[in-house]
There are 2 protein chains.
Amino acid sequence: MSRLLRIAAAQSGPIQKAEPRQAVVARLCTMLGKAADEGADLVVFTELALTTFFPRYYEEDRDEMDLWFERDMPNAATEPLFRLARERSVGFYLGYGELTPDGQHFNTSIIVDKSGTLVGKYRKVHLPGHDEFDPEREFQHLEKRYFLPGDLGFPVWRTMGGVMGMCICNDRRWPETFRVMGLQGVELVMLGYNTPSVNSQKPDEAIEKRTFHNRLALQAGAYQNATFVVGVAKAGDEDGFHLFGESCIVNPDGEIIAMAETEADEVVMAEIDLDDCNFGKSTMFDFARHRRIEHYGRITSQTGAEPPAE
Amino acid sequence: MSRLLRIAAAQSGPIQKAEPRQAVVARLCTMLGKAADEGADLVVFTELALTTFFPRYYEEDRDEMDLWFERDMPNAATEPLFRLARERSVGFYLGYGELTPDGQHFNTSIIVDKSGTLVGKYRKVHLPGHDEFDPEREFQHLEKRYFLPGDLGFPVWRTMGGVMGMCICNDRRWPETFRVMGLQGVELVMLGYNTPSVNSQKPDEAIEKRTFHNRLALQAGAYQNATFVVGVAKAGDEDGFHLFGESCIVNPDGEIIAMAETEADEVVMAEIDLDDCNFGKSTMFDFARHRRIEHYGRITSQTGAEPPAE
């Protein structure tokens, strides 16, 4: 058997602070069109795909940051993307800042299927960074200030022929993210990221180490859960702050099968067979036969590390 | 601050079925001596380090396999290793088949400190393979037949200047293994492995893919828990069955800092600073600040995968 799917990792180049939503959506539409021309079934965009990576900017008054959030999805600015996807019969993943009617802020992503129907929503669980201005850092990373931790867990959805899951950026570094989806039989995990090329707390860390950590997290998550993973960057220089690229598609063996070569808007395509997940899921990672949950208790019973007494 | 430790990954070349314990222990002593000459504080030997990898052999009568197990540790055969370690003031990790007084069989490892004191014992939790003869396989992998799953969890021990943990072979592929130790502040995870170069259920799988999976598991476990990891193989051709090598030492950034070059008895040394774990443990992987256990429930509440309804 085979369940073929043509997927596109649609990497965004930088979005400057001054760039309006309409211009950004036009760029996303251009990429979706290119992917559709190549027969894509599904296009994965990045995290906070509609704006610059605003958590780098400190505002004492959080309300001042509401301009970076979407109150509805779709809305006037993003409607062209939804319309084009429907016309071209392409599903997509999109990340954006979500402001709920009752005033809650989340770092959110959605899956929209080929009919343009919003199938699923995810809200980023693992927020990196900090809550207050940190004078020790090279630059700020205020996700814990501007977002609440996601409150939807890590659901999966049966859509577009497979079992689809989502996460966002820093979630990828946490094996719990992939495992919770793996335990629901996930076959394709989509995620966007905005990852600074400089470690704000260790400026001399080489960019090669940082891109290695990105690949390592995606590849391990894929292999250990026998799932495809698509990781999609916003890349390049945003008003003097550089984000790395390397958007890539990873197979259930943990191998990178396609990767972006630029730091600009770039569509990376791969044809995948979701049935390639079956071997791993029925042998090495047949969870029912091999997992021993009686020894995993600490993972859910304690949050922080508790080293033995000195 | 720094907490320097000189560690040795002491890879074993093949052990043929006919090779007696005494000869094997003499080989281990030679490696321990070499490591001590180079100033080692700690030598990590492999899984089932005293015998050939016997789970590849099917025996209907399991009692016939008891000759591969140790009833005491140390015992007459291994006493020379313990004595030498004490004389040279070197700690070690050793894997062996354990037969308890009440007749239980485990795939076990121990930590012995520089004074020759047995500090900790671990019993392999994630047993790969199968329980009954499997005619579909290229060769057998009967760990589930000859061993019980470990019943000691994943403890850590404060010894030799750091927080030390153990696991064995297939445990490394399961992120739960490293995470449970990470949640106890582990700084060095020691593990031995006997990994066939051929996938018994997929004979055309390239060895390069299999060694990649080994590295990926060790590197991800190290990075995601900000710990050193030492993985030590039994390598080479055992009576016609080939095991891969690549014993290696991984730092808390997930980078391989030393690796074996042969498939023979080989000592790979590195000087490590356990304080190199501190940066990761206090920033990206400061579990107390970043983990969200309210969304991890499936990891401990269900064993097998439960995909959504078709």
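Author: In this predicted model, the buried residues of α4(B) are P175(B), E176(B), T177(B), F178(B), R179(B), V180(B), M181(B) and G182(B).

Reader: What makes helix α4 of chain B count as mostly covered?

Author: Buried means under 20% relative accessible area. In helix α4 of chain B, which spans residues 175–182, eight of its eight residues are buried.

Reader: Why is A220(B) called buried?

Author: The relative accessible area of A220(B) is 1%. The cut-off for a buried residue is under 20%, and therefore A220(B) counts as buried. A220(B) belongs to helix α5 (residues 207–225) of chain B.

Reader: Which residues does A220(B) touch, leaving aside those up to four places away in sequence?

Author: With those set aside, A220(B) touches L216(A) and A220(A). Contact means heavy atoms within 4.5 Å.

Reader: Why is E271(B) called partly exposed?

Author: E271(B) has a relative accessibility of 47%. Partly exposed residues fall between the buried limit of 20% and the exposed limit of 50%, so E271(B) is placed in that class. E271(B) is part of strand β14 (residues 266–273) of chain B. Not counting residues up to four places away in sequence, E271(B) touches L4(B), L5(B) and R6(B).

Reader: Why does E60(A) count as exposed?

Author: The relative accessibility of E60(A) is 65%. Exposed means over 50%, and E60(A) therefore counts as exposed. E60(A) is located in the loop between β2 (42–44) and α2 (79–88) of chain A.

Reader: What makes the surface patch that includes E60(A) negative?

Author: The patch gathers E60(A), D61(A), D63(A) and E64(A). Asp and Glu count as negative, so this is a patch of negative charge.

Technical notes
Residues numbered from 1 in each chain as written. Chains lettered and ligands numbered in written order. Predicted model: local features only at pLDDT ≥ 70, side-chain atom pairs only at ≥ 80, totals over all residues. Heavy atoms only, no water. Patch = residues over 30% accessible without salt bridge, like charges linked within 9 Å, V, L, I, M, F, W, Y side chains within 5 Å. Areas by Shrake-Rupley, 256 points an atom, 1.4 Å probe, with all protein chains shown as cover. Salt bridge = Lys/Arg side-chain N within 4 Å of Asp/Glu carboxyl O. Charge placed at Lys NZ, Arg CZ, Asp CG, Glu CD. Helix = DSSP H or I, 4+ residues; strand = E, 2+ residues; numbered from the N terminus. Buried < 20%, exposed > 50% of the residue type's maximum accessible area, 1.4 Å probe, protein only.
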